[in-house]
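Good morning, and thank you for making time for this.

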Amino acid sequence: MIRSFDGFAGNSRVISVLRRAAAPDGRFLRPAYLLYGTAGTGKKTLAAILAAALVCEGKEERPCGECPACKKSFGQLGHPDVLRFRTPEGKNQFPVELVRRAREEAYVRPTDGERKVIIFENAEQMNGASANALLKVLEEPPAYLTFILTCDNLSSLPETIPSRCVPLELHELTPRRAEQWLLRAYPDADPEKLDKAMLCGGGNLGRSIRYLEDERSAGIFESALQLTRAMAEGREFDLLTVLARFEGDRNGFLELLPAVDRLAGQAARAAFLPADRFPAALAARISPRRAEALHRLVLTIQERMRVNVSLSLLLAFFAGQMKSIMEQVD
Ligand SMILES: [Zn+2]
């Protein structure tokens, strides 16, 4: 877990804004911050660092990592004056009741120190009613309170929200920068696994970290790699074998699709791929036009998944279309 602004990779402009906001005199602190950017760019991590910095008792660099407030912030139970609200497991909309509860909490003074922080994760999942419930307190929170919102997709956020926040965009790193960070953060990792993690993430550290730390995500990426190879080599039976693993696993398939899409895109720009993991000869077979055709196929399938077309049907359709992309396009 990253516990300081220094430990956070890249995004130096955003970091310098937040570092100033967290300075002990509070001169540059604003009532609400909105951290937005692609999933995996570290928004939740950075929200946690900023929250810790705001409640930190250190006199200089915050979060100091040493004071009792920092120990609580980064500990198992968290800090009592840092409250985190997110969409409940299995739901895809932020319930308005949750925003109302946060609003009540906003007017309760901090218990431990001078400052209180309320974090809303994935604020794009707020609907109109939830956003409305938040507006007033977001605009004029009590002096002790700071809001931090995170959001993957700014365009799906009700537009009344960003105008009341300091919006800060987080970016992916260059693959090289990500590699340097991963080598430092995982000095004992198996080099082969680390290579795969880099291939999986590109410059997206969150994806690389998930590959290294979450077995299920790693498994899905391995499947995506096998599928892309099978497609490039026109091995139809292998295409079907890999896809059969996702029979009955809708969520897994939903994760597999963008991974295959990204790999094909990377293959089309083969220079980014470590030659021994994705041989150049193989990458050459996935031309930009084929990668583009696969991208459109993935979008079509995602669209059909939203309207609940049978998964078995979609798996068969996907395999058939992947094969025909290799046969027809180019
Ligand atoms: Zn501290």
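Which residues in α13 meet which residues in α14? From α13 they are Arg-290, Ala-293, Leu-294, Leu-297, Val-298, Ile-301, Arg-304 and Met-305, and from α14 they are Leu-311, Leu-314, Phe-317, Phe-318, Gln-321, Met-322, Ile-325 and Met-326. Contact here means heavy atoms within 4.5 Å. Helices are DSSP runs of H or I with at least four residues, strands are runs of E with at least two, and both are numbered from the N terminus.

Before I continue, a word on the source. This is a predicted model, in which local features need pLDDT of at least 70 and side-chain atom pairs count only at pLDDT 80 or more, while totals for chains, interfaces and linings use all residues. Residues are numbered from 1 along each chain as its sequence is written, and side-chain values use heavy atoms, with hydrogens and water left out.

To return to the pair, the axes of α13 (residues 288-306) and α14 (residues 311-328) come within 10 Å and cross at roughly 170°. The two helices are therefore roughly antiparallel, a label for angles over 145 degrees. Axes are lines fitted to C-alpha atoms, for helices over the stretch in contact, and the angles run from 0 to 180 degrees between N-to-C directions. In the loop between α13 and α14 sits Asn-308, which has a positive phi of about 65° although it is not a glycine. Asn-308 is exposed, at a relative accessible area of 60%; exposed means over 50%, buried under 20%, and partly exposed in between, with a 1.4 Å probe and protein chains only.

Asn-11 counts as buried, with 14% relative accessibility. As background, most residues other than glycine have a negative phi, and most peptide bonds are trans. On the latter point, the bond joining Arg-62 and Pro-63 is cis, with omega about -5°. Pro-63 lies in the loop between α2 and α3, and Glu-66 is also placed between α2 (43-55) and α3 (68-73). Glu-66 is exposed, with a relative accessible area of 58%.

I turn now to α6 (residues 175-185). Which residues of this helix are buried? They are Ala-178, Trp-181 and Leu-182. Because they cover an arc of only 100° around the axis, they lie on the same side of α6; the arc is that of the directions from the helix axis to the C-beta atoms. Arg-176 and Arg-184, on the other side, are exposed. The buried residues pack against α7 (191-201) and α8 (205-213).

Helix α8 also meets α9 (residues 215-232): their axes come within 6 Å and cross at roughly 105°. That makes α8 roughly perpendicular to α9, the term for angles of 65 to 115 degrees. Arg-210, Tyr-211 and Glu-213 of α8 make the contact with Glu-215, Ser-217, Ala-218, Phe-221 and Glu-222 of α9.

Finally, Glu-121 lies in the loop between β3 (116-120) and α5 (128-139). Is this residue buried or exposed? Glu-121 counts as buried, at 6% relative accessibility. Leaving aside residues up to four places away in sequence, Glu-121 touches Lys-44, Arg-84, Phe-85, Arg-86, Phe-94 and Thr-150.

Terms used. Angles under 35 degrees count as roughly parallel, over 145 as roughly antiparallel, 65 to 115 as roughly perpendicular and the rest as oblique.
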